[in-house]
Amino acid sequence: MSLLISLELQSSNFNLSIHTSLATQGFTGIYGHSGSGKTTLLRWLAGLEKSTPGQLTFQNKIWQDDNTFVPTQQRQIAYVFQDAHLFPHLNVQGNLDYAYHRRFNDNGPVMKQVCQWFELEGLLNNHTEKLSGGERQRVAMARALLSSPQLILMDEPLSSLDPHSKERILQHLETLHDQYPTPVFYVSHDLEEVSRLADQLLLLDNGAVSAQGSLLDLSTRLDLNLSHEENAASIIETTIKQHDNHYQLTELSITEQLPLFLTKTRGNIGDKVRVRIPARDVSITLKKPEKTSILNIIPGIIDEIESDEIESDKIENSKGSRALLRLKISEQFLLVRLTKKSIDRLQLQPGQHVYAQIKTVALLSDQNKQ
């Protein structure tokens with residue numbers, strides 16, 4: 001299943017030119033900085049920009065072109081805005097009932113299931129004005145699921161929340177990702193947020209697609225703004241090998257010969273998990289150190305070093321004293337941010353065998369949640 005997009009929008013102060021296809025499965029992150037066109041694209045997908053020219057096809061059905069316009073309701077889409085947009089005259093239960101009684105089909109989750117996913121059992125009798133921002137967004141997301149849509153659009157739903165509320169909802173969305181088959185298009189300008197949720201990414205820059213593909217592939221491409229973000233990180237696929245109760249550690253394996261340790265987490269032996277390794281928390285050594293406090297020391301081969309020819313004004317957040325390199329770890333890649341002086345001092349070159357010392361490893365999916 002796919003969504004085919006051909007969109008051209010020109011105005012006095014903004015142009016949007018997107019011609020692509022997107023797989024309609026899992027979580028698709030639509031990422032870019034303010035003004036890149038993320039929200040305009042999402043509103044067009046929802047049928048909220050009727051006058052915008054272009055062609056949109058969903059599962060071989062034309063939703064919009066020069067001669068056709070399928071209204072929002074008939075597209076069977078659920079839209080979660082930055083503001084929850086709850087009905088103020090109804091309590092939580094009433095808001096949920098409204099969506100459930102008007103659901104598009106009977107294939108979606110039931111009320112009890114959704115309330116458990118978003119921890120709403122104790123809020124059902126509360127009026128919406130008494131809810132916190134995080135609670136309102138949890139109700140909005142639950143309401144979206146209860147409508148049983150064929151596509152869910154989320155427009156920066158966590159941007160106005162405090163860190164605690166944001167983390168709580170991210171955990172709910174991670175659970176949703178594993179248990180709910182309906183595709184989600186998720187707009188955000190928060191890289192860490194997108195990294196935790198997205199299977200694939202659509203990167204927008206100044207109204208155009210700069211890249212698209214899997215999260216794992218795009219996160220370590222040196223030619224993209226994504227790798228030059230201050231919080232840029234690699235996404236590595238691993239397997240849980242064993243739990244160490246004495247030291248409260250979990251051993252993961254990249255391969256049988258490449259272990260990776262992190263603070264003990266839940267999960268069964270053999271479970272596949274993805275980890276996030278910030279580029280700023282990796283250093284390089286030419287020889288494997290024998291006495292060090294760092295547990296994660298991984299051998300690899302330098303695949304690519306950021307070229308001096310890359311112009312800093314073309315790469316947002318580029319720092320003149322620093323550079324990136326990409327390290328091949330078995331069949332995966334690790335992003336490393338170093339000073340240019342360190343690269344020169346160690347005389348690092350593509351093809352060179354080195355060791356990566358990894359300071360921070362974090363699971364993308366929080367196995368410690370209940």
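At the start of helix 2, which backbone nitrogen does a side-chain oxygen of Asn 91 reach? I looked this up in the model, which is predicted. The nitrogen belongs to Gln 93, and the oxygen of Asn 91 comes to within 3.3 Å of it.

**Entry: helix 2.** I then checked which residues of helix 2 are buried, and found Val 92, Gly 94, Asn 95, Leu 96 and Ala 99. I noted that helix 3 (111-117) and helix 4 are among the parts that cover them.

**Entry: the largest pocket.** I recorded a volume of about 590 Å³ for the largest pocket. Its lining has 20 residues, and Ile 77, Ala 78, Tyr 79, Tyr 98 and Arg 143 lie nearest the centre. Strand 6 (77-80), helix 2 (92-101) and helix 4 (133-146) each give two or more residues to this lining. The largest share, 4 residues, comes from strand 6. By residue class, I listed 14 nonpolar, 4 polar and 2 charged.

**Entry: salt bridges.** I found a count of 12 salt bridges. In one of them, Arg 168 meets Glu 119 at 3.1 Å, N to O. Arg 168 lies in helix 5 and Glu 119 in the loop between helix 3 and helix 4, so the pair ties together parts 49 residues apart in sequence. Arg 322 and Glu 230 also form a salt bridge, at 3.2 Å. Arg 322 belongs to strand 17 and Glu 230 to the loop between helix 7 and strand 11; this pair therefore ties together parts 92 residues apart in sequence. I noted Arg 322 as partly exposed, at 23% relative accessibility, and Glu 230 as partly exposed, at 38%. Finally, I saw that salt bridges with shared partners join Lys 166, Asp 190 and Glu 193 into one network.

Technical notes: Residues numbered from 1 in each chain as written. Predicted model: local features only at pLDDT ≥ 70, side-chain atom pairs only at ≥ 80, totals over all residues. Heavy atoms only, no water. 1 Å grid on protein atoms, 1.4 Å probe; cavity = no way out; pocket = protein on both sides within 12 Å on 5 of 7 lines; lining within 4 Å. Points joined across faces, edges and corners; volume = space filled by probe spheres on them. Nonpolar A, V, L, I, M, F, W, Y, C, P; charged D, E, K, R; others polar. Buried < 20%, exposed > 50% of the residue type's maximum accessible area, 1.4 Å probe, protein only. Contact = heavy atoms within 4.5 Å. Polar contact = N/O pair within 3.5 Å; in protein donor to acceptor, adjacent residues only side chain to side chain. Salt bridge = Lys/Arg side-chain N within 4 Å of Asp/Glu carboxyl O.
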